[in-house]
Each structure stands twice: as structure tokens, then as C-alpha cells.
Amino acid sequence: VTYEAIKIPKWSSLSEMHPIDYYSSYTKNCTGEFTKEEVRNIRAFYYAMCAETDAMLGEIISVLGDTGLLRKTVVIFTADHGELAMEHRQFYKMSMYKGSSHVPLLVMGPGVKEQQEIQNVVSLVDIYPTMLDIARIPVPQNLSGYSLIPLLCVKAESQVSLRGPRPSWVLSEFHGCNVNSSVYMLRTGKWKYIAYSDGCSVLPQLFDLTADPDELTNVAIKFPIIVHSLDKILRSIVNYPKVSSSVQEYNKQQFISWKQSLGQNYSNVIVNLRWHQDWLKEQKKYENAIDKWL
């Protein structure tokens, strides 16, 4: 890794951050002070792991070549998430920002056009129907994804899926920890639209990725018509207020079951989790907050 070439990402001040971003930074212990050297080191570690992964992939491809298997093998390389690496004052995943949600997708093999970069937005759910297509296994019509073969292969340029053309958008959703809200992202063209929870209690985000590739300026208030249009598309794909409500109820019921299984000892268990330092500062206050939530 060329250490001097590592760029330091721009950060918004804590007071300017979207509430979901602030919560994520807080639960990832990223709200403290970081020196440029610390941020650069964190990013250097990430780039070094990427370089190591690249070398490992190279070894696999070399062996396929040495054994004569490469000419009849399709290689697909991808990942489930990025690492953020201190972009937007966060590391780890669980974010709809590019550093987390925009993953690599590299394909090589017989019939695949070489040295091409495809600009279409595609999704990880496209991998399964693509593999079925490669194996010449009929693709079920009820899948969310679309085969990538028409985009990848020399002989498939004029082919269109039996289900019709692929949509011009991709969807991602997340309901886990470190966010404190169900999150839904719709990416289409130059726009990235991110909606939260029921769509009302937490304001959405809108990014113009052409003018703002680092996703630093939320322009949702500036472009209400775009927001309305993208939100309408999102709701046609998934009834996200209803899903969010179901997730919240599920989380509450699961927590109640867990709490009941431990009795009064539940608070001592939380003490040993990653938030123990903050929990111990005002333990009674947080126990009362949980009682109020339940």
C-alpha cells in the first residue's frame, strides 16, 4: 500500500450529521477525536486486505490456467459489503453509503467480453439467476434478480430476459443493529434515495452521485419532486412502512423473550456487551428507558 497516496475522507461535523448517521457513528465508537494518522492507518489496513485478496484471486486464476481449466471456467468475484474505512465517520458496514453498499463485481470466462466496464446498476440478487443461466438451468420466474448474461456475453447482446428488461433501479434494505431504524435504498441513474422507518419519523436522504460522488450533501429538501417520484417507486417495490413496523414489533418481542429468560440478570449481561462502558455510567437510567420502551 502506498501510504502517502491514501486520502483522508471529508467528515461533516457531528451536529450536521443525519440522525441515523450520528447513531451509527456513536454505536461504532467513532464520535471521538481521530488524528489524520489514525484515519490513514485504518484505511491502509483495509487497502492492504484488498491487495491480499487480489493476490489470492490471482493464485486461483493462475492454477486454473496451469491445469487447463480456465478456458471452461467462469470466475465471479464479489463481496457482501464494503468496510467504509472511516468514510462518513464510520468503519464497518451497515450503511447505504457507497463505501459499504457498492461492492466489487468482476466476471471472466468463456464468452464473456474482455476489458469492459458495464455502467448498469446491478445487484447481488442477480448472481443466482446468472449462475443458473451459465449452467443452462431454467431460471425460476419468481426471483428478485435478473441474469447478467445479456450484459456480459458476446453472443447475448440482443437477448432479453423472458421476464422482460431488467429494471433501471436496484434496491437494498437493512434492519440490523448500529442503525436503530429499518433502512431502504433505491439507486437509479445518478440518484441515490434512502428512506428510513415509516418514511415520516426520520427524514430521507437524496444524493446526486454525479455532482456529489462522496455523498456529502443531502439534497432531499432541494428536490422534493425527485424525492416523491423515487419514494413512489420504492413503495411499489416494497411496502416499507409496513415492513418497518413488522421489524420493530419482532425486535420488541424477541427482546422481551430474551429478557424474561434471564430475569433480573439481563442488565448484568448487557454490561458485558460492547456498550458496557456507557451502560455502567447510568445503568438505572437505561434500565428505565428499556422499561418505558417495552
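Where does Glu114 lie? Glu114 is found in the loop between strand 2 (105-108) and helix 4 (127-134). Helices (H or I, at least four residues) and strands (E, at least two) are DSSP runs, numbered from the N terminus. Glu114 is exposed, at a relative accessible area of 71%. Here buried means under 20% relative accessible area, exposed over 50%, and partly exposed in between (1.4 Å probe, protein chains only). Glu114 and Gln90 are 24 residues apart in sequence, and their C-alpha atoms are 36 Å apart in space.

The model is predicted: local features need pLDDT of at least 70, side-chain atom pairs count only at pLDDT 80 or more, and totals for chains, interfaces and linings use all residues. Residues are numbered from 1 along each chain as its sequence is written, and side-chain values use heavy atoms, with hydrogens and water left out.

The protein has ten helices and six strands. Its C-alpha atoms fill a box of roughly 65 × 45 × 45 Å, taken along the principal axes. Of the 294 residues, 33% are buried. Contact means heavy atoms within 4.5 Å. Among contacts with a separation of 6 or more, 54% come from residues 24 or more positions apart. The accessible surface comes to about 18,500 Å², and carbon and sulfur atoms contribute 56% of that surface. Accessible areas come from the Shrake-Rupley method with a 1.4 Å probe; for residues, only the protein chains shown count as cover.

UniProt, in an unreviewed entry, places the feature "domain: Sulfatase N-terminal" at residues 14-135. UniProt positions are given in the numbering used here, feature names are shortened, and annotations may be inferred rather than shown by experiment. Over residues 14-135, the chain is 43% helix and 7% strand. The end C-alpha atoms of this stretch are 50 Å apart.

Helix 1 spans residues 19-27, and its buried residues are Ile20, Asp21, Ser24, Ser25 and Thr27. Their cover includes strand 5 (191-196) and strand 6 (205-208). Asn29 follows helix 1 and has a positive phi, near 60 degrees. Phe34 sits in the loop between helix 1 and helix 2. Phe34 is partly exposed, at a relative accessible area of 27%. Beyond its neighbours within four places in sequence, Phe34 contacts Trp11, Asn29, Val39, Ile42 and Met86. Phe34 and Ser181 are 147 residues apart in sequence, and 27 Å apart in space, C-alpha to C-alpha.

Arg43 belongs to helix 2 (residues 36-66). Arg43 is buried, with a relative accessible area of 6%. Not counting residues up to four places away in sequence, Arg43 touches Ile6, Lys7, Pro9, Leu84, Ala85 and Glu87. Ala85 lies in the loop between strand 1 (75-78) and helix 3 (98-101). Ala85 is not a glycine, yet has a positive phi of about 50 degrees. At 4% relative accessibility, Ala85 is buried. Arg136 is likewise not a glycine and has a positive phi of about 60 degrees. Arg136 lies in the loop between helix 4 and helix 5 (149-152). Arg136 counts as exposed, at 79% relative accessibility.

The structure holds eleven aromatic pairs. Rings of Phe, Tyr and Trp (its six-membered ring) pair if their centres lie within 6.5 Å; planes under 30 degrees apart count as stacked, over 60 as edge-to-face and the rest as tilted. The ring centres of Phe255 and Tyr266 are 6.4 Å apart and the planes stand at 85 degrees, so this pair is edge-to-face. The pair links distant parts of the chain, with Phe255 in helix 7 (residues 240-262) and Tyr266 in helix 8 (residues 266-271), eleven residues apart. Trp279 and Tyr286 form a stacked pair, 5.6 Å centre to centre with 25 degrees between the planes. Trp279 is buried, with a relative accessible area of 9%, whereas Tyr286 is partly exposed at 26%. Phe255, Trp258, Tyr266 and Trp293 form one aromatic cluster.
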